Structure formats: structure tokens, C-alpha cells
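I list what I looked up, entry by entry.

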Amino acid sequence: MIEPIISVKDLYKSFGDVHVLKGISTDVAPGEVVSIIGPSGSGKSTFLRCLNRLEEPTGGQIFFKGEDIMKAGKRISLYRQKIGMVFQNFNVFPHLTVLQNITLTPVLEKKIPQKEAEKKAEELLIRVGLLDKRDVYPRQLSGGQKQRLAIVRALAMEPEVMLFDEPTSALDPEMVKEVLNVIADLARSGMTILNVTHEMGFAREVSDRILFIDEGIIQEEGDPESFFSSPASPRAMEFLSKVL
Amino acid sequence: MDKIIKILTKYYMVFLKGLWGTMWLASVTLVCGTVLGLLVAFLRMSRFKPLSAVAAMYIQILRGTPILLQLYFFWILLPKIMPFGMSDLACIVVALIINASAYIAEIVRAGIAAVDPGQWEAGRSIGLTEIHLMQKIIMPQAIKNILPALVSQFISCIKETSLASVFFVRELTTAYKTVQASTFLALQPVIISGMIYLVVTTVLSFAGRHIEGRLKASD
């Protein structure tokens with residue numbers, strides 16, 4: 001068996017008395033595309049945010065290529081460089097141009113020469129159809145364009161895993177597609193992806209595996225076809241009957 | 001009116017020197033107060049609880065007691081504890097700086113807190129170190145909240161330096177006292193000093209609005 005790129009062991013997270021994650025364990029293989037679905041408040045976003053320690057887990061272990069990132073200390077930023085993340089609200093840097101958004105971190109943290117970083121950024125912008133926007137500020141972009149920028153900003157660090165936290169939930173309906181296309185492209189290119197999503201059709205189409213999380217635990221997991229056509233757990237059945 | 005003109009022709013140098021004293025005091029207070037205020041703000045935001053608590057107490061005491069009382073406090077205390085002599089002016093400058101630092105620390109803290117938390121998360125998730133995150137992402141955005149408030153603080157500083165006249169530090173309110181003592185006229189020199197304050201603060205608030213407008217435009 002191939003070594004998992006991410007391995008989660010018995011992950012717990014509580015906010016005060018509220019227990020959000022109650023023992024989650026799973027392995028993600030390199031190149032695997034995993035969609036995480038579940039009702040709102042089920043802990044799926046918290047789970048994702050624990051993987052790069054934007055949330056500090058209360059218990060458990062997270063391994064990235066066999067290394068325990070809970071023991072990273074200040075080196076956590078090195079792991080984060082290899083684990084890209086895309087947020088629901090884009091979180092592009094409003095005071096930087098599109099190009100600067102992309103080149104800032106590679107130049108600062110990976111010491112890549114500015115010229116080289118710009119060339120790479122332009123290639124990425126071509127890939128997502130934003131090259132004509134290279135010198136504008138994010139305020140001049142639509143939601144879909146901002147999200148595509150956020151994706152290439154993360155890709156510029158050449159991550160080995162990409163985390164998507166409801167990447168299309170804040171978008172106007174007509175812009176959902178352009179962002180999903182970029183993610184689907186990325187999935188086909190062999191990127192390891194963990195995608196928290198409410199887009200069931202998309203999850204079914206691109207995923208290798210579905211994780212259904214509810215009440216802080218993985219209630220069910222499996223390949224998309226069998227999960228969506230014949231869910232095994234009553235909770236998944238109930239959830240799917242509401243959303244499909 | 002006649003008397004005001006007469007006083008002005010004879011004593012304009014006193015008022016000009018007073019204005020110079022006021023501007024000098026306010027500028028030194030703002031510049032040093034900002035440096036100290038930044039430090040206090042970062043201590044206040046420190047994740048190390050005792051440091052943060054000390055900074056919070058510092059801010060609370062200085063904002064919760066009258067500035068005139070603080071001037072007396074440092075004017076009495078500093079000459080006693082300093083091994084070298086401290087002039088009245090030096091004591092007052094120190095007191096003004098310390099007082100301003102508390103207000104500026106709050107301005108800085110509020111300015112940073114107003115930056116969207118998503119910006120911190122994005123910067124961290126992409127692998128920026130905390131220092132680079134602060135330098136390149138958070139502070140450039142916080143500065144837009146901080147600068148306009150600093151201009152207001154500068155205006156406050158200009159008005160508060162009038163309290164230094166209690167200790168006969170040369171500034172605009174002391175200029176009024178000086179002129180009053182030599183002319184036995186009270187109302188006219190008060191009006192003159194007041195007008196000068198008003199002109200300076202009005203110019204500054206226009207400048208402040210201009211800065212604010214430009215910062216907004218670049219949003």
C-alpha cells in the first residue's frame with residue numbers, strides 16, 4: 001500500500017464545552033480527491049481547518065507524509081506551504097494586485113526570484129483565464145474571479161495537497177461553474193484534494209471518495225457511486241433525502 | 001478689536017514662539033507616543049497573558065485618570081527618581097508622551113482588530129511566517145484605519161499641551177499668560193491664543209479628511 005499523504009488519527013476538537021470533532025480517523029492517498037459532506041454544524045469545516053492547524057485540535061494526531069504536524073512548533077508555516085487552502089470568502093489580499101497576490105509568498109518564503117515568480121504566476125493566470133487581470137486590484141474582480149485568484153495564489157506555492165472549504169458557497173450562481181471547472185481540472189491533473197462542499201453533483205463527479213461527517217464523526221465513507229445511490233447509514237439517507 | 005490688533009503688533013513674537021512651543025510639544029508627543037504606543041499595542045495583543053494584562057492595566061490607568069493629574073504626577077515623581085536633574089519641560093514631555101502612548105496603543109489595537117480575520121487565515125494557510133504576515137498583509141491594511149485616528153490624536157495632543165502652561169512650559173497658553181501679565185488685559189490675549197489653536201486644528205482636520213479620502217480611494 002502507498003504511504004498516505006495525510007493521515008488523521010483520532011482527531012478531537014472542542015470549543016469550550018462544545019465538542020465539534022469526536023474522534024476522526026482517516027487516510028488520504030496521494031492524488032486522491034475526497035469530498036467531505038454533511039449538514040451544517042457537523043464539524044466538516046473544522047475538520048478541514050485542523051489539517052493545517054488554522055484550528056488547534058484538542059486531541060489526536062495529524063501526519064503529513066508521515067511527519068506529525070502537531071509537533072511542528074514554529075515550522076508549521078513550512079507544512080502550510082505544502083498544504084494550500086481556499087476559503088469560502090476568498091480572502092484575497094485587497095491591497096495587492098492580482099500578480100502580487102500570487103508572487104508575494106513564493107518570493108518571501110521560498111526565496112524565488114521576483115522575475116521567476118512572476119513568470120510562474122502568469123502561467124497560472126493563463127490556466128484560470130485571468131491573465132488580462134494581472135495588474136488590477138481584487139476590488140475590480142467578480143466573486144468567481146476572486147476565487148480563481150485565491151486558487152492560483154495557493155497553487156503558486158506548489159502545494160502537494162489542496163484544501164477547499166466550501167469554495168463556491170459565497171458565489172452568485174452564475175459563477176459557481178467557472179470555479180468548479182478549475183477545481184475539476186486540478187483534480188484531473190493529479191492533485192490531492194480535500195473538498196468540503198454542498199455541491200453534491202460536483203462531489204459525485206470528481207471525487208474518489210466521499211466522507212460523510214455528522215455530529216463530529218465520520219458516519220459513512222465510500223466511493224461516490226455507492227454512497228449517493230445506496231447510502232448505508234440512516235443519517236446519510238436522511239441527509240441525502242433533504243439535499244438531493 | 002483695537003486692543004487685539006495693538007497686542008498683536010506688540011506681542012506677536014510671544015504668540016509665535018508660543019505656537020512654535022505648542023507644535024513642538026505636540027509633534028514630539030505624537031512621534032514618541034506612536035513608537036511607545038506601538039510597543040504597548042503589541043504587548044496588549046500578545047498571547048502571553050501576563051504581558052497583555054500589564055499592557056491593559058497601563059492603558060486603563062492612563063485613559064482613566066485626568067491628564068492634568070498625570071502631568072503633576074510625573075512632574076513630582078521624575079525629579080525624585082532620576083539620578084540627573086529633570087527640567088519641568090522634560091517632565092511634562094515625558095508625561096505627555098506616556099499619556100498619548102496609551103491612546104495610540106488603543107488606536108493601533110483597534111486598527112489591527114478591524115482587519116478581516118480571513119486575512120490572517122489566508123496568510124497563515126499559504127505559509128507566511130507571523131512576521132511577514134504582520135508586515136505585508138495585516139499592517140498595510142490596518143494603517144488605513146490607524147492613520148485617520150492618528151490625525152485626530154495629533155489634534156488632541158495640540159489641545160492638551162495647553163495644560164503644560166500650568167508648569168510655565170513655553171507654549172501657546174503660556175503665551176496668553178505672559179501677555180496678560182504685561183498688559184493687564186485678559187480677554188484679548190485669550191481670544192488670540194484661541195484663534196491660533198482653532199486655525200491649526202481646523203487645517204489639520206481638513207488634512208485628516210483629505211488623507212482619509214485618499215486611503216478610501218485606494219481600497
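My cut-offs for relative accessible area are under 20% for buried, over 50% for exposed and in between for partly exposed, with a 1.4 Å probe and protein chains only.

The model is predicted, so I note the limits: local features need pLDDT of at least 70, side-chain atom pairs count only at pLDDT 80 or more, and totals for chains, interfaces and linings use all residues. Residues are numbered from 1 along each chain as its sequence is written, chains are lettered from A and ligands numbered from 1 in the order written, and side-chain values use heavy atoms, without hydrogens and water.

Rings of Phe, Tyr and Trp (its six-membered ring) pair if their centres lie within 6.5 Å; planes under 30 degrees apart are stacked, over 60 edge-to-face, the rest tilted. A:Phe227 and A:Phe228 make an edge-to-face pair, 5.2 Å centre to centre with 85 degrees between the planes. I also find a cluster: ring pairs link A:Phe212, A:Phe227, A:Phe228 and A:Phe239.

Entry three, chain B. B:Tyr72 and B:Trp75 have ring centres 6.2 Å apart and planes at 70 degrees, so I log this pair as edge-to-face. Both lie in helix 3 (residues 67–81) of chain B, three residues apart, about one turn of the helix. Helices (H or I, at least four residues) and strands (E, at least two) are DSSP runs, numbered from the N terminus. B:Tyr72 is partly exposed at 34% relative accessibility. B:Trp75 is partly exposed at 31%.

I count a charge as over a ring if NZ of Lys or CZ of Arg is within 6 Å of the ring centre and within 35 degrees of the ring normal. The charged end of B:Lys177 sits over the ring of B:Phe168, 5.1 Å from the centre. B:Arg209 has its charged end over the ring of B:Phe206, 5.2 Å from the centre.

Most residues other than glycine have a negative phi. Where is A:Arg53 found? I place A:Arg53 in the loop between helix 1 (44–51) and strand 4 (59–64) of chain A. Its phi is positive, about 60 degrees. A:Arg53 is buried at 13% relative accessible area. A:Phe90 also has a positive phi, near 65 degrees. I find A:Phe90 in the loop between strand 6 (83–86) and helix 3 (98–109) of chain A. At 11% relative accessibility, A:Phe90 is buried.
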